[in-house]
Amino acid sequence: MSQTALQTVDLLIEARWVVPVEPHNVVLEHHAVAIDGDRIVAVLPISEARNTYVPRERVELGEHVLIPGLINTHTHNPMTLMRGLADDLPLMVWLQQHIWPVEAKVIGPEFVRDGVELAVAEMIRGGTTCANENYFFPDTIGATYRKLGFRAMVGLPIIEFPSAWAKTQDEYFERAGETHDAFRNDALIRTAFAPHAPYTVSDESFERIRVLADQLDIPVHLHLHETAHEVEEERKKSGLRPFQRLQKLGLVNDRLIAVHMTQLTDAEIAACAEAGVSVVHCPESNLKLASGFCPAEKIRKAGVNLAIGTDGCASNNDLDMFGEMRTAALLAKAVAEDAAAFDAAFTLRGATINAAKALGMEEQIGSIEAGKQADLAAVRLSDLETQPLFHIISQLVYATGRHQVSDVWIAGKRKLAERELVDMDTADILARTHAWRERIAAI
């Protein structure tokens, strides 16, 4: 082929292995990903790529696997500033006696901004390129993600008690609408309704959410069946389990992103599958708060879309999706009493394409395919901790640490280069983090 016939592209990433996720459980050896602008143009053998494209930039990753950027499907990222604040406590004691009182004294735009910046730095260094966010001051959260070039779905919080964000039910909805409008056409930021949980949100609010979510065509992201206590309290109050209450209110549908789900009957699992509900499994937070065990393998077998998230740093205590994948797989096997349950290839889907589907973004992210956004992470597998190397996907899930992530791209833009953050001032982030530590410790 003559030189004049070659196609110019912005970036050609040549990797020892590419795991595209779609097709499922496939590992491509000596493959390249061609990128132009923010999108993937092609995935093809390196030799063919060199005869097809002239890249403005070429990145050679001879000891690495290239994977889709990981998606953290449930986060409270401003709470990164409360990492380790109140450990070894049950959920309601942790929440009501420690987290909420501290939040009441520090929460505001600056706290939210600084917490998100710390979280983004941590996520990028761990190969995560998108987060499903659930916290107050979503306008500041979205603006911070946008400034940093990080992809996110930003939750629009609804809760029945006053906060620094809104004082009344009407104000929560009014501010939710304003925030949604502010990011309506943003390339990286989307929105979802984020009612906290059935025990903190009224029927009237849920009914308004259902109508508005349909009108705006956005998901509904909430904590559901996190603990046995939550389920029993709702049953005493209304005679219904929380899931039944949401069914009655018309919220059990393909917009629902149900987080935790540790207390489920077989009938509820079947209803999730029939309705198209996405379930988000947060195993490490559930373990740490002793909330219960999500029946992840039962959910998978029923055909429910199952994604993985870390929850917030105040209850995890990290945003490490490699660690979360490993815990999710191992815990699912123990709960199912089946060593073949929740295999490595499916686990990786839970942090990529299934997560994208939960967010309604599977056409844009979650796999390495032509036409999709170039959200990618390169993982070095030559470290002694990941040698010898027999099965790439198994090694990613069961042996790889986030410190092995070397390079990250979001929408085709380099965010991590050989372990160094691009366009983020680490010293400044740490200085602000230390200042918040002193302020919170003094409360």
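View 1. UniProt, in an unreviewed entry, lists residues 65–414 as "domain: Amidohydrolase-related"; UniProt positions are given in the numbering used here, feature names are shortened, and annotations may be inferred rather than shown by experiment. This is a predicted model, in which local features need pLDDT of at least 70, side-chain atom pairs count only at pLDDT 80 or more, and totals for chains, interfaces and linings use all residues. Residues are numbered from 1 along each chain as its sequence is written, and side-chain values use heavy atoms, with hydrogens and water left out. The span 65–414 is 42% helix and 18% strand, and its end C-alpha atoms lie 17 Å apart. Helices (H or I, at least four residues) and strands (E, at least two) are DSSP runs, numbered from the N terminus.

**View 2. Strand β11 and its neighbours.** Strand β11 (residues 278–281) is covered on both faces, with S278 and V280 buried on one side and V279 and H281 buried on the other. Buried means under 20% relative accessible area, exposed over 50%, and partly exposed in between (1.4 Å probe, protein chains only). Strand β10 (residues 256–260) pairs with β11 in the parallel sense over 3 bridges; two strands pair if DSSP finds at least two bridges between them. In β10, I257 stands opposite S278 of β11. Strand β12 (residues 305–308) also runs parallel to β11, joined by 4 bridges, and here V280 stands opposite A307.

View 3. E22 and R349 form a salt bridge, their closest N and O atoms being 2.9 Å apart. E22 lies in the loop between β1 (7–18) and β2 (28–36), whereas R349 lies in helix α13 (residues 344–350), 327 residues apart. A salt bridge is a side-chain nitrogen of Lys or Arg within 4 Å of a carboxyl oxygen of Asp or Glu, and by this rule the count comes to 34. E22 is partly exposed, at 26% relative accessibility, while R349 is buried, at 15%.

View 4. K236 and E233 both lie in helix α7 (residues 228–238), 3 residues apart, about one turn of the helix. The closest N and O atoms of their salt bridge are 3.9 Å apart. K236 is exposed, with a relative accessible area of 58%; E233 is partly exposed, at 38%.
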